[in-house]
Amino acid sequence: MATKKVTVTIPEDLLDEIRAEAAERGLSAYVAEALRFKRDRDRLQELVGWLQEEHGPVTEDEHAAALDELEELDAEHERRRSAGKRNAGEAA
């Protein structure tokens with residue numbers, strides 16, 4: 001994948017935190033990942049706006065059901081991640 005070097009201005013305290021967090025991945029990889037995340041979130045917000053224009057606003061019940069489903073997905077993800085760590089420990 002082609003890359004291009006750019007200059008950005010970041011508050012010093014934030015940069016210190018990001019460098020500590022990025023560690024081995026490196027600052028460029030961390031920033032690229034953050035930008036992709038932000039771009040994807042913006043696109044999802046556009047989709048939500050379009051869907052609400054087409055189908056009306058989300059009801060409280062629909063919102064609550066979606067949050068419940070996300071909690072279930074998060075719990076399942078955590079179970080699988082924990083199981084993977086245990087299995088990796090057994091293989092070592």
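Buried means under 20% relative accessible area, exposed means over 50%, and partly exposed is in between, with a 1.4 Å probe and protein chains only. Keep that in mind for helix α1, residues 12-22, where Leu15, Ile18 and Ala22 are buried. Seen down the axis of α1, these buried residues fall within an arc of 65°, so they line one face of the helix. That arc is taken from the directions from the helix axis to the C-beta atoms. Helices here are DSSP runs of H or I, at least four residues, numbered from the N terminus.

A word on the source. This is a predicted model: local features need pLDDT of at least 70, side-chain atom pairs count only at pLDDT 80 or more, and totals for chains, interfaces and linings use all residues. Residues are numbered from 1 along each chain as its sequence is written, and side-chain values use heavy atoms, with hydrogens and water left out.

How confident is the predictor? pLDDT is its confidence in each residue, from 0 to 100. The chain has a mean pLDDT of 92, and 96% of its residues reach 70 or more. Confidence is highest in helix α2, residues 27-55, at a mean of 95, and lowest in helix α3, residues 60-91, at 89.

Back to α1. What do its buried residues pack against? They pack against α2, where contact means heavy atoms within 4.5 Å. On the other side of α1, Asp13, Glu17, Ala20 and Glu21 are exposed. Alanine 23 follows α1, and its phi is positive, near 40°.

Now salt bridges. The rule is a side-chain nitrogen of Lys or Arg within 4 Å of a carboxyl oxygen of Asp or Glu. By that rule, there are six. In α2, lysine 38 and aspartate 42 sit four residues apart, about one turn of the helix. Their closest N and O atoms are 2.7 Å apart, in a salt bridge. Lysine 38 is partly exposed, at 47% relative accessibility. Aspartate 42 is partly exposed too, at 33%.

Next, α3. Glutamate 78 and arginine 81 are three residues apart there, about one helical turn. Their side chains meet in a salt bridge, 2.7 Å from N to O. Glu76, Arg79 and Arg80 are linked in a salt-bridge network.

Last, the surface. Leu44, Leu47, Trp50 and Leu51 form a nonpolar patch, with about 380 Å² of accessible area together. Such a patch joins nonpolar side chains (Val, Leu, Ile, Met, Phe, Trp, Tyr) within 5 Å, from residues with over 30% relative accessible area and no salt bridge. Leucine 44 lies in α2, and at 53% relative accessibility it counts as exposed.

Definitions and conventions: pLDDT = per-residue confidence, 0-100. Helix = DSSP H or I, 4+ residues; strand = E, 2+ residues; numbered from the N terminus. Patch = residues over 30% accessible without salt bridge, like charges linked within 9 Å, V, L, I, M, F, W, Y side chains within 5 Å. Areas by Shrake-Rupley, 256 points an atom, 1.4 Å probe, with all protein chains shown as cover.
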